[in-house]
Amino acid sequence: VHTLALIKNARKKYPLFTLIGGGDYIDGHRGAYEVLQYLKNSKNAVLLKGNHEQLMLDFADGLDEPVTGFINSISPIWWANGGKITLTDLFHQRFNDASWAKAADLIKKSPYYDWFKSMPVMYETPHLIFVHGGIHPDANYNNPRAYPSGIDLSDDNYNTYRLWAREEYWYRDRQPIIDQETGQRVHFAYPNSQIHYFAHNQ
């Protein structure tokens, strides 16, 4: 797995640095089992939840709405967006469209379910913010009640926003940006999961 090789190489170069995972460790690629096993056993690491981890949880909890899949079949959203490949990797068996209930039950009984539930959505240091989707770039970024009126937020769906935010200002040049209000450097993972390392004084 290419990503796993990069992580291991960075670990050797920077053994004292903190590993920050940006989420989306599953779906859309083979090797999810190997990646998750390595990350779960990593020391000095902060592993953020991505929207695909949340999609898997929603699928297990029966909250995943059916959609028309890529071959005009009706499938749960996660199933149609890489979930089927992930299931095969994690449980070493094949699944078909008639085995959704079985797959959901396997997930809920697996250690992945509680682990994904416990993953934080955002991580901050005095100078850095790590988040999978995005936050609003102002001094009240962590107070959903203070967001502009055009962004419909409540405490209940603030995590959803941080996982799924797609505002254009986050993606210009696909580089971390400096929040002009807070002075913090914001690192976001979407649309590709990212792994960051930083020293403790950052």
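This is a predicted model: local features need pLDDT of at least 70, side-chain atom pairs count only at pLDDT 80 or more; totals for chains, interfaces and linings use all residues.
**Exercise 1. The overall picture**

Work out how many helices and strands the protein has, and what share of its residues is buried.

Solution. Start with the secondary structure: the count comes to 7 helices and 9 strands. Next, look at burial: of the 202 residues in the protein, 47% are buried.

**Exercise 2. Placing T86**

Find the helix that holds T86, decide whether T86 is buried or exposed, and list what it touches.

Solution. First, locate the residue: T86 sits in helix α4, which covers residues 77–91. Now for the burial call. The cut-off for buried is under 20% relative accessible area. T86 has 0% relative accessibility, so it counts as buried. Finally, go through its neighbours: leaving out residues up to four places away in sequence, T86 touches I26, D27, A32 and W78.

**Exercise 3. A hairpin and its side chains**

Describe how β5 and β6 pair, and sort out which way the residues of β6 point.

Solution. Take the pairing first: β5 (residues 122–124) runs antiparallel to β6, over 3 bridges. The two strands form a hairpin, with 3 residues between them. Within the pair, Y123 stands opposite F130 of β6. Now sort the side chains of β6 (residues 128–131): L128 and F130 point one way, while I129 and V131 point the other way. Both sets are buried.

Key:
Residues are numbered from 1 along each chain as its sequence is written. Side-chain values use heavy atoms; hydrogens and water are left out. Helices (H or I, at least four residues) and strands (E, at least two) are DSSP runs, numbered from the N terminus. Buried means under 20% relative accessible area, exposed over 50%, partly exposed in between (1.4 Å probe, protein chains only). Contact means heavy atoms within 4.5 Å. Two strands pair if DSSP finds at least two bridges between them.
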